[in-house]
Amino acid sequence: MLKRTKNGILINLKVSTNSSKNEIIISGNELKVKLTAQPVDGKANKALVEFLSKELNIPKSSIEIVKGLSSKDKVLLFKVIDVAKIKLIEDMFDN
């Protein structure tokens, strides 16, 4: 689910759209992000980056969808080198 690389942290997650609210859900070994956005014209991908940016207090430019642009299953790269931010991301997503 979470892997450190030289470029930052890779995270595998599943996105659920058209939800009643934006939220992060960790159940077992699966990480799911629920979004209110619709999966049309990249709106859900944009909403995903914006939501995670706000939740983690990191710039949107530091979050890249590296796999799954048109899929519910995505791999995100968090391009952070700040040790405190890395710890925050690991604590939030690694169970």
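Helices (H or I, at least four residues) and strands (E, at least two) are DSSP runs, numbered from the N terminus. The model is predicted, so local features need pLDDT of at least 70 and side-chain atom pairs count only at pLDDT 80 or more, while totals for chains, interfaces and linings use all residues. Residues are numbered from 1 along each chain as its sequence is written, and side-chain values use heavy atoms, with hydrogens and water left out.

The protein chain contains two helices and six strands, arranged along the sequence as β-β-β-β-α-β-β-α. Its radius of gyration (taken over C-alpha atoms) is 12 Å, close to the 12 Å from the globule rule for 95 residues, so the chain is as compact as a globular protein of that length. The globule rule is 2.2 Å times the number of residues to the power 0.38. Along the principal axes, the C-alpha atoms fill a box of roughly 35 × 30 × 20 Å. Contact means heavy atoms within 4.5 Å; of the contacts in the chain with a separation of 6 or more, 44% are between residues 24 or more positions apart.

The chain exposes about 5800 Å², and carbon and sulfur atoms supply 48% of this area. Accessible areas come from the Shrake-Rupley method with a 1.4 Å probe; for residues, only the protein chains shown count as cover. Buried means under 20% relative accessible area, exposed over 50%, and partly exposed in between (1.4 Å probe, protein chains only). Buried residues make up 36% of the 95 residues.

A nonpolar core is a set of buried Ala, Val, Leu, Ile, Met, Phe, Trp, Tyr and Cys residues joined through side-chain atoms within 4.5 Å. The largest one has 21 residues, and Leu48 and Phe78 have the most contacts inside it. Two or more residues each come from strand E2 (8–16), E4, H1, strand E5 (63–67), strand E6 (73–78) and helix H2 (83–93). H1 gives the most, with five residues. Beyond residues up to four places away in sequence, Leu48 touches Leu13, Val15, Val33, Leu35, Ile65, Lys74 and Leu76.

Ser53 lies in helix H1 (residues 43–56) and is buried, at a relative accessible area of 10%. A polar atom of its side chain lies 2.5 Å from the backbone oxygen of Ile58, and the side chain of Ser53 also reaches the backbone nitrogen of Lys60 at 3.5 Å. With neighbours within four places in sequence left aside, Ser53 is in contact with Ile58, Pro59, Lys60 and Ile63.

Lys32 is placed in strand E4 (residues 30–34) and counts as partly exposed at 25% relative accessibility. Its C-alpha atom is separated by 7.2 Å from that of Ser16, 16 residues apart along the chain. Not counting residues up to four places away in sequence, Lys32 touches Lys14, Ser16, Glu23, Ile24 and Ile25.

Lys14 leads on to the salt bridges. A salt bridge is a side-chain nitrogen of Lys or Arg within 4 Å of a carboxyl oxygen of Asp or Glu, and the whole structure has two. Lys14 pairs with Asp73, with the closest N and O atoms 3.5 Å apart. This pair links distant parts of the chain, with Lys14 in strand E2 and Asp73 in strand E6, 59 residues apart. Lys14 is partly exposed at 27%, as is Asp73 at 43%. Lys79 and Glu64 also form a salt bridge (3.5 Å, N to O). Here Lys79 in the loop between E6 and H2 is linked to Glu64 in strand E5, 15 residues apart. Lys79 is partly exposed at 37% relative accessibility, and Glu64 is partly exposed at 34%.

Notes: A polar contact is a pair of N or O atoms within 3.5 Å; within protein, one must be able to donate a hydrogen and the other to accept it, and residues adjacent in sequence count only if both atoms are side-chain atoms.
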